[in-house]
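Take a look at the structure below. How do its helices pack, and what lies inside?

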Amino acid sequence: MFQARLAVVVLGLTACAPTPEFTGQRDVFEFDSQSVGDSFEISVHLPPGYDSSGAGRPVLFQLDGSVHGEQVSGIAESLGLEIVVVGIGYDDGFSPNRRRRDDSPTVDTNYDQSGGADEFLSFVTTELFPRIEGDYQVDVNDRTIMGHSQGGLAAAYFALSQPAHPPSTSAALRR
């Protein structure tokens, strides 16, 4: 499902320097998830020169995509990585309650909403993957999921929840 690889993107450096501008095409749509029972804002960042009739490109699924999708896409573009970045976010931006629900694998009784990572994982793998793979030229064998903070917990949980298989590398990500 997901390649077991460490995606190293230093977003902390953006506090010291301006984030590189993303110049590719950006598609945004609302996606109603049956698994989660909620709507998500999906932003698809296609690199400059993306050709819908061309070969599939590596795809990076960015949690908190409505907040960080543009940043990650700009950084990838500035590094010469020709990848499709799919931001998974919320229509209200950075939504603490919805993030807690979707990113936490266990229930925390201190919060109204938590412990929904399994439903969120089901949404990503059974609903969002097929939509992205049907609408865009992406490599189904070269998927990465990335998050920061609580989104990093969800990304690690997703990766550890997948069947073990040898990781493959992408030429675009080896640069």
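Predicted model: local features only at pLDDT ≥ 70, side-chain atom pairs only at ≥ 80, totals over all residues.

**The cavity**

Start inside. Which residues line the largest cavity? They are L63, D64, I88, Y90, D103 and F120. By type, the lining has four nonpolar residues, no polar ones and two charged ones.

**Two helix pairs**

Now turn to the helices. Helix α2 spans residues 96-103, helix α3 spans residues 117-135, and helix α4 spans residues 150-161. The table sets out how α4 packs with each partner.

| Pair | Angle | Axes |
|---|---|---|
| α2 and α4 | roughly 20° | within 9 Å |
| α3 and α4 | about 70° | 11 Å apart |

**α2 with α4**

The axes of α2 and α4 cross at roughly 20°. Angles under 35 degrees count as roughly parallel. The two helices α2 and α4 are therefore roughly parallel to each other. The crossing of α2 past α4 is left-handed. On the α2 side, the contact is made by R99, R100 and D103. On the α4 side, Q150, G151, L153 and A154 take part. This contact of α2 with α4 holds two nonpolar, two polar and three charged residues.

**α3 with α4**

The second pair packs at an angle of about 70°. Angles of 65 to 115 degrees count as roughly perpendicular. Helices α3 and α4 are therefore roughly perpendicular to each other. Which residues of α3 meet α4? They are A117, D118, F120, L121 and V124. Their partners in α4 are Y157, F158 and S161. The residues of this contact of α3 with α4 divide into six nonpolar, one polar and one charged.

Definitions and conventions:
Residues numbered from 1 in each chain as written. Heavy atoms only, no water. 1 Å grid on protein atoms, 1.4 Å probe; cavity = no way out; pocket = protein on both sides within 12 Å on 5 of 7 lines; lining within 4 Å. Nonpolar A, V, L, I, M, F, W, Y, C, P; charged D, E, K, R; others polar. Axes fitted to C-alpha atoms, helices over the stretch in contact; angles between N-to-C directions. Helix = DSSP H or I, 4+ residues; strand = E, 2+ residues; numbered from the N terminus. Parallel < 35°, antiparallel > 145°, perpendicular 65-115°, else oblique. Left-handed = near helix turned anticlockwise from the far one by under 90°. Contact = heavy atoms within 4.5 Å.
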